[in-house]
Amino acid sequence: MSENMLMIQNLSRNFGGLAALRDLTFSVAKGEIVGLIGPNGAGKTTAFNVITGTMPPSSGKVMFDGRSIAGGPPSRVVVAGLARTFQSTSTYPNVSVAGNVYRGLLSRIQGSTVGRLVGRRIDMLAASQVDAEIDQILHITDLASWRDAPAGSLPYGLQKKLGIAIALATRPRMLLLDEPAAGLNHEECKDLARLLRHLRDDHELTLLLVEHHMALVMELCQRIVVLVQGEKIAEGSPQDIRQNEAVIEAYLGAPDYAHA
Ligand SMILES: Nc1ncnc2c1ncn2[C@@H]1O[C@H](COP(=O)(O)OP(=O)(O)OP(=O)(O)O)[C@@H](O)[C@H]1O
C-alpha cells in the first residue's frame with residue numbers, strides 16, 4: 001500500500017455557530033494528485049487554511065509525513081515541506097519575477113532554525129547558490145525569459161504560474177493549490193496541467209488541489225474528495241465521482257455536464 005503524505009483526521013472548524021468543516025477525514029498518498037471539490041462555501045479554503053496552519057482547527061488532526069502540523073505556525077508547516085498557492089495571484093507586482101521567487105526561498109530559510117540564527121546575513125550567504133536555485137525554478141515553470149520583468153507586467157496566466165514558482169522555492173514535498181485554473185484560458189489550462197504532471201512525475205511532488213474547473217480536475221486527479229457544507233459526501237476516482245448521484249445533485253448538476 002502507498003505511503004500517506006497527508007492525513008486529515010476528523011477535522012472540524014467552526015466560525016461561531018457555523019460549522020465550516022465537519023469531521024473531515026481523508027488522506028493523500030505520496031506522489032498522488034488529489035482534487036478537493038465542492039460548491040461555493042463548502043469549506044475547501046477553510047480546509048487549506050487549517051492544513052497550512054493559517055488557522056487552528058476546532059478539533060481533529062492534520063498529520064504531514066507522520067508528524068502533527070495542526071495549529072501551525074505556517075512557517076513551521078512550510079519548513080516541514082508543505083507549500084501553498086493562493087486563489088488570487090500573490091506576487092509583488094513591482095518586484096522582478098526572480099525577486100518574487102527569492103521571497104519563497106527566504107521563507108524557507110528564515111522559517112528554519114538555522115535561518116533564524118543566521119537572520120539578516122542570509123543575503124550574504126551563497127548568492128550563487130541562490131541564483132542557481134532561482135534559475136532552476138524559473139526553468140521548471142517556463143518563466144526563465146521573464147526573469148527580470150516586473151511581476152505585474154506578466155500576463156495573468158503567467159502570474160498564476162509565478163505563484164507556483166514562489167511555492168516551489170520553499171522546496172516543498174507537497175503542494176496545495178487553491179484554484180490554480182481560475183481565470184485561465186483553454187491553452188493556459190493545458191499548460192498548467194502539463195506543469196502539474198511534470199511536478200508530480202519528475203520532481204516527486206504530491207499535489208492537493210481545490211478547483212472548480214471540472215475538466216482539469218477529472219483529467220489530472222487520481223482521486224477526488226467532495227465537500228458540501230463542510231462535510232465529505234464522496235471520495236473516489238474521477239469516474240466514480242462523475243457517476244455519483246449525491247455529487248451530481250449537490251455540485252456537478254445535470255448528468256450531461258458530469259459526463260462532459
Ligand atoms: N474567517 C471566517 N469567518 C467566518 N466565516 C467564515 C470565515 N471563512 C470562511 N467562512 C465561512 O465558512 C464557510 C466555508 O467557506 P470557504 O471559503 O472555506 O468555502 P469554499 O469551499 O472555499 O468556497 P469557494 O469555492 O467560494 O472559495 C462559508 O460559509 C464561509 O462564509
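This is a predicted model: local features need pLDDT of at least 70, side-chain atom pairs count only at pLDDT 80 or more; totals for chains, interfaces and linings use all residues.
Trainee: What does the chain hold in helices and strands?

Mentor: The chain has 11 helices and 10 strands. Buried residues account for 39% of its 260 residues.

Trainee: Why is Lys 44 called buried?

Mentor: Count the C-beta atoms. Lys 44 has 24 others within 10 Å. The label needs 20 or more. So Lys 44 is buried.

Trainee: Where does Lys 44 sit, and what is it in contact with beyond its neighbours within four places in sequence?

Mentor: Lys 44 belongs to helix α1. Leaving those neighbours aside, its contacts are Leu 36, Gly 38, Val 210 and Leu 227. Contact here means C-beta atoms within 7 Å. Take Leu 227: it lies 183 residues from Lys 44 in sequence, yet the two C-alpha atoms are 7.3 Å apart.

Trainee: How many of the contacts between residues at least 6 apart join residues at least 24 apart?

Mentor: The share is 66%.

Trainee: Which residues surround the ligand?

Mentor: Lys 44 is one of them. Phe 15, Leu 18, Ala 20, Gly 38 and Asn 40 are also in the shell. Two elements, β2 (18–29) and α1 (44–51), each give two or more residues. The largest share, three residues, comes from α1.

Trainee: What makes up the shell by residue class?

Mentor: Four residues are nonpolar, six are polar and one is charged. Gly counts as polar in this scheme.

Trainee: What makes α6 largely enclosed?

Mentor: Of its 13 residues, 11 are buried, so the rest of the structure largely encloses α6. The buried ones include Leu 158, Lys 160, Lys 161 and Ile 164.

Trainee: Why are β2 and β5 called edge strands?

Mentor: Start with the order. The open four-stranded sheet runs β2-β1-β4-β5, with antiparallel pairing. β2 and β5 (67–68) each have a single partner strand, so one side of each lacks a neighbour in the sheet.

Trainee: How do you know that β1 and β2 pair?

Mentor: Pairing takes at least two bridges. β1 (residues 4–15) and β2 have eight, in the antiparallel sense. Ile 8 stands opposite Phe 26 in β2.

Trainee: What is the strand order in the six-stranded sheet?

Mentor: The order is β6-β7-β8-β3-β9-β10, in an open sheet with mixed pairing. β6 (82–85) and β10 (231–236) are at the edges; each has a single partner, so one side is left without a neighbour. Neighbouring strands are turned by 15° against each other on average, direction ignored.

Trainee: What makes β6 and β7 a pair?

Mentor: Four bridges join β6 to β7 (residues 174–178), in the parallel sense. Two would be enough for the label. Leu 175 in β7 is the bridge partner of Ala 83.

Trainee: Which strands does α1 lie across?

Mentor: In one group are β1, β2 and β4 (59–64), with α1 at about 65° to β2. In the other are β3 (33–37), β6, β7, β8 (206–210) and β9 (223–228), with α1 at about 145° to β7.

Trainee: Which strands does α7 lie across?

Mentor: Helix α7 (residues 186–203) lies across β3, β7 and β8. Its angle to β8 is about 150°.

Conventions: Residues are numbered from 1 along each chain as its sequence is written. A residue is near a molecule or strand if its C-beta atom, placed from the backbone, lies within 6 Å of it. A residue is buried if 20 or more other C-beta atoms lie within 10 Å of its own, exposed if 12 or fewer, and partly exposed in between; C-beta atoms are placed from the backbone. Two residues are in contact if their C-beta atoms, placed from the backbone, lie within 7 Å. Axes are lines fitted to C-alpha atoms, for helices over the stretch in contact, and angles run from 0 to 180 degrees between N-to-C directions.
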